[in-house]
Amino acid sequence: MKLRAFLMIGGMMMAGSLTAQTLTDVINEFNAGVEKLNNQEYEVSLEHFNQVLSLAESVGAEANDMKASAEKQIPSVYYRQATVFMKRKQYDNAIPYLEKTVEFASLYNNNEDISNKAAGYLPQLYVLEGNRSWKNKSYEEAVAFFDKALVLNEDLYQAHQGKGMVYLDQDETELMLESFAKAKEGASAKNDTKTIDNVNEAINAYYNKFILEEMAAVDPEENDYTYVIEACENALAANPANPRALYHLAIVANKAVEYDKAIEYAEKALAHETEPVWISAINFELGSAFQNTDDYTKACETLKKVTEEPFLTRAEQKMGTVCN
């Protein structure tokens, strides 16, 4: 008796299931998806369109047109939801929907235009999210985003710049320089001088800390500047226009009584330095070198360009001698 009841119930359930899976129900499900789409209820709309695909498989060939229509809607829905997030600048939320747009457009072989738009947005959003992860010190996540961007656009030099900043923070010198070199190469091809300047500033800051550490470690009695010179040379190998490295080489040259070298280094440093206090520091070394070569006219002219302390007072003392 129990078995018969089970079979009867099972038969009723099967019959009910078969009844539900008709072309009319597929159409109704599709229309429900369209309604939700028009109401901008994108997640619910996707549920309906996916249900269309499931029902269409059971209904068979007569539901093929509805299945194709649902397949055409699905990438479009993902893209429309992505654009909502992008307008809100919620890029981390937009990325998965853009990825789904590309994925399903490829799977269903439709919506090529929308897929191309989504693929066009993704690299820049990956870079934005990579930079956000870098600032949050989530370095592995940051590199993963930058690498995703480069897979889609190998010429996206901002991604190389981002990777360089990650490796800088991690003190991975070789990887940093490799990434920054690619960033500068790409930026140069686009005449993007701002990015090149930003990369060089990052490189300079990385190496300048070592130069200052070595200067502070010099024994005043021994005056051995070997490690200072090495730090400066490493900095200049990474960026030949590093003004602080050139300035410190000018200091060392003056102390080594190599005044012509001091003049050469100082003049190169001035060509790239932008901060007033460092310009004053360089001019003080340059003026001192001119003084030591008995070129008092140039020494006076140069020392007059020193405007910032603590170099101004020292320059004024020298001018009392060389400017008479």
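Residues are numbered from 1 along each chain as its sequence is written, and side-chain values use heavy atoms, with hydrogens and water left out. Because the model is predicted, local features need pLDDT of at least 70 and side-chain atom pairs count only at pLDDT 80 or more, whereas totals for chains, interfaces and linings use all residues.

**View 1. Helix 4 against helix 5.** Helix 4 (residues 64–87) packs with helix 5 (residues 91–108) at an angle of about 160 degrees, the axes being 8 Å apart; helices are DSSP runs of H or I, at least four residues, numbered from the N terminus, and axes are lines fitted to C-alpha atoms over the stretch in contact, with angles from 0 to 180 degrees between N-to-C directions. Helix 4 is therefore roughly antiparallel to helix 5, a term for angles over 145 degrees. The contact includes Glu71, Ile74 and Tyr78 of helix 4 together with Tyr91, Asn93 and Phe104 of helix 5. By class, this contact of helix 4 with helix 5 has 14 nonpolar, three polar and two charged residues, with Ala, Val, Leu, Ile, Met, Phe, Trp, Tyr, Cys and Pro counted as nonpolar, Asp, Glu, Lys and Arg as charged, and the others, Gly among them, as polar.

**View 2. Helix 4 against helix 6.** The axes of helix 4 and helix 6 (residues 112–135) come within 11 Å and cross at roughly 35 degrees. Pro75, Ser76, Tyr79 and Met86 of helix 4 meet Ile114, Lys117, Ala118, Tyr121 and Leu125 of helix 6, and by class this contact has seven nonpolar, one polar and one charged residues.

**View 3. Serine 115 in helix 6.** Serine 115, found in helix 6, is buried, with a relative accessible area of 13%, buried being under 20% (1.4 Å probe, protein chains only). Not counting residues up to four places away in sequence, serine 115 touches Thr101, Val102 and Ala105.

**View 4. Asparagine 283 in helix 14.** Asparagine 283 lies in helix 14 (residues 276–292) and counts as buried at 5% relative accessibility. Leaving aside neighbours within four places in sequence, asparagine 283 is in contact with Leu270, Thr302, Leu303, Lys305 and Val306.

Conventions:
Helices (H or I, at least four residues) and strands (E, at least two) are DSSP runs, numbered from the N terminus. Contact means heavy atoms within 4.5 Å. Buried means under 20% relative accessible area, exposed over 50%, partly exposed in between (1.4 Å probe, protein chains only). Angles under 35 degrees count as roughly parallel, over 145 as roughly antiparallel, 65 to 115 as roughly perpendicular and the rest as oblique.
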